[in-house]
Amino acid sequence: MNDEGAEKRSGLQGIADRHGVSLDAVRHLMRALEAGHGTMAQFDHPELGGMGQWFAGGMVMVGRMFDDELKARVAALCAELALSLPPGGWSAFTAASTASAGSWWPNDLGAPSITGSQDGLRYAYFPLARRLAVASRDGISLYDTGEHAISGVSQANGLVRFTSELGAVDLADLRRVDGPEPEARPEPEGTEPSPAEGADPSPAEGASEILRTIEALAELHRKGVLTEAEFTGKKSDLLSRL
């Protein structure tokens, strides 16, 4: 991963910016996490407090042992990178990116960690860019996966659904950032027009969904995937929407 321009396009620069560190620090932790198979990392970098360790579940040690802000930053950064670790590690991910040219998805997304097809749809998930590409007869659409780390696909009631550590994810729940508009379907004669797609849910439905999301985040916090600061921040943001 020596091509800094490619790293910026694939999302590494965004990760570095979110956590207030350099690309070099992100690359250093990526190598450490890859060596630890995504469950632990032993690192030695000045921006990370010198020598330190991180373990999945929330345990983190840094050289500046009383710097709680640094501990929280390292823990959040390691947790995000560990969730993005592709099968086989980033070394395989980087090698695959060379072969991604000519694939059906946009080349600037890099190489996906998951690809497949289901019921006439093709999909590819790009963890570092936080994008899900879906190809259908209408063309290719890109979705912002946000906090969801897509791990697979399932089918229920004839609908394709994706799965993440937060549970099932419908495409309708993700924000589309590029792609063709869906074809309008004519209403059968003699029927009442259906509510417009994308209409805001009722207050009760919105509150219920927010509470379910907070419960899922609380479980991730209990397991150590989210730090106390991350959980508190996300919960506050969600509660402000009620």
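The questions and answers below concern a predicted model.

Reader: Is the arrangement of α3 to α4 oblique or roughly perpendicular?
Author: Helix α3 covers residues 23-35 and helix α4 residues 68-83; their axes are 10 Å apart and meet at an angle of about 60°. Roughly perpendicular packing requires 65 to 115 degrees. The angle therefore makes the arrangement of α3 to α4 oblique.

Reader: Which residues of α4 does α3 meet, and how many residues of the contact are nonpolar?
Author: From α3, the residues Val26, Leu29, Met30 and Leu33 take part, and they meet Leu77, Cys78, Leu81 and Ala82 of α4. By class, this contact of α3 with α4 holds no polar and no charged residues, and its nonpolar residues number eight.

Reader: What is the handedness of the crossing of α3 and α4?
Author: The two helices pack at an angle of about 60°. Their crossing is right-handed.

Reader: Is α2 roughly parallel or roughly perpendicular to α3?
Author: The axes of α2 and α3 are 9 Å apart, and the packing angle is about 105°. Angles from 65 to 115 degrees count as roughly perpendicular. Therefore α2 is placed relative to α3 as roughly perpendicular.

Reader: Which residues make the contact of α2 with α3, and how many of them are polar?
Author: Helix α2 contributes Leu12, Gln13 and Ala16, while α3 contributes Leu23, Val26 and Met30. By class, the contact has five nonpolar residues and no charged residues, and the number of polar residues is one.

Reader: Which residues have the most contacts inside the largest nonpolar core?
Author: The largest nonpolar core has 25 residues. At least two residues of this core come from each of α2, α3, β1 and α4. Another core, of eleven residues, lies apart from it and includes Ile114, Tyr125, Ala149 and Phe162. Inside the largest core, the residues with the most contacts are Val26, Val74 and Leu81.

Reader: Is Pro46 buried or exposed?
Author: Pro46 is found in the loop between β1 and β2. Its C-alpha atom is separated by 8.5 Å from that of Ala25, 21 residues apart along the chain. The cut-off for exposure is over 50%. Because its relative accessible area is 65%, Pro46 is exposed.

Reader: Where does Arg130 lie, and what is its phi?
Author: Arg130 lies in the loop between β5 and β6. Although Arg130 is not a glycine, its phi is positive, at about 55°.

How values were computed. Residues numbered from 1 in each chain as written. Predicted model: local features only at pLDDT ≥ 70, side-chain atom pairs only at ≥ 80, totals over all residues. Heavy atoms only, no water. Axes fitted to C-alpha atoms, helices over the stretch in contact; angles between N-to-C directions. Helix = DSSP H or I, 4+ residues; strand = E, 2+ residues; numbered from the N terminus. Parallel < 35°, antiparallel > 145°, perpendicular 65-115°, else oblique. Left-handed = near helix turned anticlockwise from the far one by under 90°. Contact = heavy atoms within 4.5 Å. Nonpolar A, V, L, I, M, F, W, Y, C, P; charged D, E, K, R; others polar. Core = buried A, V, L, I, M, F, W, Y, C linked by side-chain atoms within 4.5 Å. Buried < 20%, exposed > 50% of the residue type's maximum accessible area, 1.4 Å probe, protein only.
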